[in-house]
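Follow this walk through a protein model with the coordinates open.

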Amino acid sequence: MKPTYTTDLVTDEGTFAALAPAWDRLYARSRTATPFQSHAWLYSWWLSYGRPGRLRLLVVRDGGELVAAAPLASVRRPVSALVPLGGAISDYGDVLVDDERGEAPVAALTAGLAAAARTALIDFREVRPGGAVERVYDRWTGPRRRVSDSLCLELPAVPMEDLVARLSPAKAQRVRAKLRKLTALGVQRHLVRPDEVDPALRRLLELHRLQWQGRKVTSEHLQARFCEHLVRSVGPMVRSGDAVVTEFRLDDDVVAVDLTLLSRRLAGGYLYGAHPRLRERKADVAVILLDACAEHTRAGGRGTLSLLRGNEPYKHHWRPEPVVNQRLLLARRRTAPLLSAVVCDVAARRRGKELLARLRERDGGDRS
């Protein structure tokens, strides 16, 4: 019998919570999904950051089973739009689609989004190339635009020794010396059990605050709502295999904690905290963390070790591949002016950044 798909727009927080079992099954059947599309992450994000009355969760069902979902929220500024749940603290945005059912769920989800949009623009930020929402974009019949979003840096999911082998002989020799230094210092790695996650994450955030003291830091990472979200979401994710928390101990003291998120295709180092004592002992924190992340890619057939968003110089030491996230803008004819406004704003911001970079480069050259 040909499946009959029904599409619903969920706006109630309690219904969102009750979707967890069905959502988890759909997530497991969506091969391009990242941990930022898991129910544990998104529902927790909503509890910390969602605004009452703004939930717009589009779900497609075959009977009682979810076959597609677009986790969205309504915003009014700078333009009226539907945007992915997860916000700025999530490195990837996407929809979920049951890959075992071909294109029919994609078609139903696309039609549902067109109906839900009404007078709003649909603005999918931070879409990793190959994400499921690209299939919606390809089917969209109204105005649409694709622009570049944040840069991510990615490495192959190989053991640490293979990552070191990618470096120049001189750099590889220095990294191997740093690894031997960690062994000599007695830095020990401890995988945190699900029942240990809450206190471990609170230690992570305290160490994160300590390591950035007196320097520019992402202010959201210091907020109580971020702590509540992380503690609430990561415990279930560790139990389901979508996250791993690692403590690093020196002389029986926890001197660093790392949170790595896992999906079928990638492992991503999300956040860490490290005590200044490590650097005082000449321990290279970046080497410690990458060594741990590489260990998490050994199982599960993951092909990518993502350093996630950010173009920090220390990441380039490992010769990563730059991968640019996409921003997919979908409009109906009546909302085409909103799309044009956003595209113009993106272009203006990009030109402003390029101009600022040239000015800084020129000023640096003048000082020399």
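In strand β12 (residues 304-309), L305 is the bridge partner of A267. β12 and β11 pair in the parallel sense over three bridges. Two strands count as paired if DSSP finds at least two bridges between them. Strands (E, at least two residues) and helices (H or I, at least four) are DSSP runs, numbered from the N terminus. This is a predicted model: local features need pLDDT of at least 70, side-chain atom pairs count only at pLDDT 80 or more, and totals for chains, interfaces and linings use all residues. Residues are numbered from 1 along each chain as its sequence is written, and side-chain values use heavy atoms, with hydrogens and water left out.

β11 has another partner. Strand β10 (residues 253-262) pairs with β11 in the antiparallel sense, over seven bridges. A256 stands opposite A274 of β11. β10 and β11 form a hairpin, with three residues between them. How much of β11 is buried? Eight of the nine residues of β11 (residues 266-274) are buried, so the strand is largely enclosed by the rest of the structure. Here buried means under 20% relative accessible area, exposed means over 50%, and partly exposed lies in between (1.4 Å probe, protein chains only).

Turn now to strand β13 (residues 321-330). Seven of its 10 residues are buried, so β13 too is largely enclosed by the rest of the structure. Strand β7 (residues 144-156) runs antiparallel to β13, joined by nine bridges. There, L153 has P322 of β13 as its bridge partner. Strand β6 (residues 121-127) also runs antiparallel to β13, with four bridges between them. V127 has Q326 of β13 as its bridge partner.

Next comes strand β3 (residues 65-75), which is mostly covered: 10 of its 11 residues are buried. Which strands pair with β3? Strand β2 (residues 55-62) pairs with β3 in the antiparallel sense over eight bridges. V59 stands opposite A69 of β3. The hairpin of β2 and β3 has two residues between the strands, and G63 takes a positive phi near 70° in that hairpin. Strand β4 (residues 81-84) runs antiparallel to β3, and four bridges join them. A73 has V83 of β4 as its bridge partner. Five residues link β3 to β4 in a hairpin. Strand β5 (residues 96-97) pairs with β3 as well, in the antiparallel sense over two bridges. A68 has V97 of β5 as its bridge partner. When you look along any of these strands, recall a general rule. In a regular strand the side chains alternate between the two faces of the sheet.

Now a helix. α4 (residues 104-117) has 14 residues and reaches 20 Å from its first C-alpha to its last. That is close to the 20 Å expected at 1.5 Å a residue, where the expected span is 1.5 Å times one less than the number of residues. The buried residues of α4 are P105, V106, A108, L109, T110, G112, L113 and A117. An α-helix has 3.6 residues a turn, so residues three or four places apart point the same way. R118 follows α4 and has a positive phi, near 50°.

Another helix, α13 (residues 336-367), holds A347. A347 and P156 are 191 residues apart in sequence and 32 Å apart in space, C-alpha to C-alpha.

A cavity is a set of points, on a 1 Å grid over the protein atoms alone, where a 1.4 Å probe fits but cannot get out; lining residues have an atom within 4 Å of a point. The largest cavity has a volume of about 30 Å³, and that volume is the space filled by probe spheres set on the points. Its lining consists of F36, Q37, L42, P71, P84, L85, Y92, G93 and D94.

Last, the whole chain. The protein has 13 helices and 13 strands. Its radius of gyration, taken over C-alpha atoms, is 22 Å, close to the 21 Å that the globule rule gives for 368 residues, so the protein is as compact as a globular protein of that length. The globule rule is 2.2 Å times the number of residues to the power 0.38. Of the 368 residues, 50% count as buried. The C-alpha trace spans about 65 × 55 × 40 Å along its principal axes.

Definitions and conventions: On a 1 Å grid over the protein atoms alone, a cavity is a set of points where a 1.4 Å probe fits but cannot get out, and a pocket is an open set with protein on both sides within 12 Å along at least five of seven lines; lining residues have an atom within 4 Å of a point.
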